[in-house]
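Trainee: I am new to this structure. Can we go through it in short questions and answers?

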Amino acid sequence: MIDIRPFNSLGHADHGWLNARHHFSFASYHDPDRMAWGRIRVWNDDQIAAQSGFPPHPHRDMEIVTYVRTGAITHQDSMGNKGRTAAGDVQVMSAGTGVVHAEYNLEDEQTTLFQIWIETDKPGAQPSWGAMPFPKDSREGAFQLLASGDPGDGKLTINADARVLGATVKAGESIAIDADANRHLYLVPSGQVRVNGVMAGPRDGVAITGENRIEIEADDDAELVLVDAT
C-alpha cells in the first residue's frame, strides 16, 4: 500500500518566525487519521527564520531526529551538549528520562529542516545527543544510512527499531531499496517522483506498508528522506 499525503493537505501553523507543516497530528493540528505511521509519531517540515528558534523546552521518552535541509541549526541542552548541524547533516536526541533543549537558527538566512519523532523502545533510558555530517555526494543514486537502532553500524544511534536513510536522485533516473512488507516506511521527496508507479509531489508524504521493494523514479532532481520503522 502506498498512500500519498499531499503537501497542501498537511497541518499548518505559521508563527512568523516558524512556518511549520505537520505530516501527523501535532500541537493544535489534530487529524484522527494521521496520528502516527507505525512507531513514527511526528514529521514536521519546519522553516525557521534567521536569528530565531525554539527556546528551552522539555522532552521525555522519545527519539528525535533532525534532518537539516538548508541553513543550519544550533542545539544546546541540559546535558551540556552544544553543536551546529548544517544542511544535509543529521542530529539525534534520545530524550529518555528527560531533557531540556533549545534549537536556534543563528544564521543570517532561513533554515529548513525535518524534525522526526519515533516512539522509543527503551522508556526511562539515559538521555543522549549526537550529530554527524553526511555529505550529499556520498548518497547520490543510493540510499545512505543516517541513523538506526543498531549501535554497531557506525552511524547515529537511536533507541528504536528504525532506520533513517537519505538519498539524492537526478531527474530521469531511479533508485530502489528492499523493504519488509510488515514494516512502516515514510518517504518525503524534495521533487516530483513516482514510488512504485504512484506519483508524489515535492514535500508530499508517502506512507508505505505491505511492499517488498520500493522503486523511486525521479521526474525532478530530488533529495529523499526515508524512515523505516516497525
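**Cores, a sheet and one glutamate**

Mentor: Start with the largest nonpolar core of this predicted model. Of its 25 residues, Ile40, Trp43, Val90, Ile116, Ile118, Tyr186 and Val227 touch the most other members. Strands S4, S6, S9, S11, S13, S15, S17 and S22 each supply at least two residues of this core.

Trainee: Which strands stand at the edges of the open sheet?

Mentor: Four strands form the sheet, in the order S16-S21-S18-S19, with antiparallel pairing. An edge strand has a single partner, so one side is left without a neighbour in the sheet. The edge strands are S16 (174–178) and S19 (198–200).

Trainee: Which residue stands opposite Val193 in S21?

Mentor: S18 covers residues 193–195, and S21 covers residues 213–218. Three bridges join these antiparallel strands. Opposite Val193 stands Ala218.

Trainee: Is Glu223 buried or exposed?

Mentor: Glu223 lies in strand S22 (residues 222–229). Its relative accessible area is 15%. Buried means under 20%, so Glu223 is buried.

Trainee: With which side chain does the side chain of Glu223 make a polar contact?

Mentor: Leave aside neighbours within four places in sequence. Glu223 is then in contact with residues including Lys136, Arg139, Thr168 and Ser190. Tyr67 is also in contact with Glu223. The polar contact, at 2.2 Å, is with the side chain of Tyr67.

Methods. Residues numbered from 1 in each chain as written. Predicted model: local features only at pLDDT ≥ 70, side-chain atom pairs only at ≥ 80, totals over all residues. Heavy atoms only, no water. Buried < 20%, exposed > 50% of the residue type's maximum accessible area, 1.4 Å probe, protein only. Polar contact = N/O pair within 3.5 Å; in protein donor to acceptor, adjacent residues only side chain to side chain. Contact = heavy atoms within 4.5 Å. Core = buried A, V, L, I, M, F, W, Y, C linked by side-chain atoms within 4.5 Å. Pairing = 2+ DSSP bridges.
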